[in-house]
Amino acid sequence: MNGFKVLQPGLMTLITDRGRFGHHRIGLTTGGPLDPSAFDWANRLLDNDNNATVLEISIGGLVLEAQVDTWVVLTGGEMPLKIAGNEVERWCAHRIRAGERLEAGFSKAGARAYLAVSGGFQIEPMFDSTATVQREKLGGLNGQKLQSGDILPCSSEPQGAGYRLPKQYQPDYRDTSPLRVILGYQQDAFSEVQKQILFTSSYKVSDRADRMGYRLEGPAISPSINGILSEGICLGAIQVPADGQPIVLLNDRQTIGGYPKIGSLFSPDTARLAQMLPGTEVSFTPFTQDEAHNQLLLSRRYYQMINPIAVSV
Amino acid sequence: MRIEVAGENALIVYFGEETDPRISAQVQHAVAETERLLGSAIIDLVPSYASLLVIYDPFQTDHLEVRRQLRSIAESGAAESTHEGNLITLPVWYDTESGPDLEALAQRAQMSIDEVINLHANTEYRVYAIGFAPGFAYLGQVDERIAAPRLSTPRQSVPRGSVAIADRQTAIYPAASPGGWNLIGRCPTRMFNPDADPSMPVQVGDRVSFEPISRERYLELGGEL
């Protein structure tokens, strides 16, 4: 099947849908987009199924050649987008024709961008998902990131529909407002003083930041216990190993672990953190499960109320 | 029983603090009941040694409802923690060739290699958790006399099927991977096969026993060298 040919894969480009759910019991992690909101918009701006398969581009450097006529859109981090050599708008659907090149340059802000095509890429799911998890060798093409010469199958969609999202609805990847923490898990093993250290200090995203987790550097926080009986870890959980430097666990995390956890980030902030590059300064603020629940429901309503603008050809 | 917040759409239920088959049985009871009562509102469940992480869809339910259900499940489970699980027998070729740490482990335990093999093979284990990697099942408890700490320097690559001990846990490496457990043999049964259904021969809560086999039998059963 035709589709797009990978000329340059970039630093790390992964084939993904919304993620692999319901298989934690056999040790499979979720994978999926680190920034689900940007992922959702990519599919919505092309009228795709909301679980259609797209590319997650980390940092940038992707070059593809179209073998079909279709629509494309790039959302997420600020990677300059070129089609057939011309710089074009991001968060906006564009026509691309067979033989034309698409280039996503290196990001100016926001580490992850999402490239969707009309109808999605046609990839065989594994355990109900196309999400690539390299550590598990599952999803995508052979469970690996894109390589030069790969063919990404998709159908020809010369008709189709495309939309653009006005600037005021696009996220700001330079936003450094505090990351909201829902206290939980072993929070009782962290004294009030230790919690205050977390909520009043500044931490830096370290170089050891990948899809499994982001290690932060800053004032150490020490729990009163060293380890626990291994237990399930949810997205955004903040684990504190013996050195007291917090690790926020992301989409490719191990499903169980034995380090104490002080709680978890609110998911929009987990995504915001995963968009940050090493060296970025972050801080934390407490948030409750009640507030998080209400905010999630309202955010979905806002998302549904926004009307993207149809792109005419 | 204690319920804690885990995240914006996740609660974790603790049934105890130690590795114990009765606590594990309560976890299994809770898994089945949570699926039955909450159905499609569940995104994922992570049962482990003494806890169950419940991740739910916040657009279908909320923490108040899930907490209420979990409390009633846990209370009913305390009375009828009879979950036995299936018994699965796995063949193991125990040898110094297939288990490069067998000799050191025997020395440490001050017993013969055959005694170590007997103690490992004549114990019925329980699958307490699956994690670390796809299909990696944590089995407990290993006889105290042959319990051994992890290697100080983990191996770069442990072959698929390696049977290993760390502290009072034992496991079979489902795929070649780095690892620091003590290797004592090889099992020809695939512990994780994405193309098979089911993809694993065991699930959390099952019981496992090991049957010593020869090198020839190991090869006949499809074992790789």
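How far apart should the ends of helix α1 (residues 21-38) of chain B be, at 1.5 Å a residue? The 18 residues of α1(B) should span 26 Å, and the end C-alpha atoms lie 25 Å apart, which agrees. The expected span is 1.5 Å times one less than the number of residues; helices are DSSP runs of H or I, at least four residues, and strands runs of E, at least two, numbered from the N terminus.

This is a predicted model, in which local features need pLDDT of at least 70 and side-chain atom pairs count only at pLDDT 80 or more, while totals for chains, interfaces and linings use all residues. Residues are numbered from 1 along each chain as its sequence is written, and chains are lettered from A and ligands numbered from 1 in the order in which they are written.

The buried residues of α1(B) include B:Val27, B:Ala30 and B:Leu38 (buried: 20 or more other C-beta atoms, placed from the backbone, within 10 Å of the residue's own). Just after α1(B), B:Gly39 takes a positive phi of about 45°.

Now to the two chains together. In all, 32 residues of chain A are in contact with 37 residues of chain B (contact: C-beta atoms, placed from the backbone, within 7 Å). On the side of chain A that touches chain B, α4(A) gives the largest share, five residues. The classes on that side are as follows.

| Class | Count |
|---|---|
| Nonpolar (Ala, Val, Leu, Ile, Met, Phe, Trp, Tyr, Cys, Pro) | 15 residues |
| Polar (the others, Gly among them) | 13 residues |

The model scores ipTM 0.96 and pTM 0.94.

Key. Two residues are in contact if their C-beta atoms, placed from the backbone, lie within 7 Å. A residue is buried if 20 or more other C-beta atoms lie within 10 Å of its own, exposed if 12 or fewer, and partly exposed in between; C-beta atoms are placed from the backbone.
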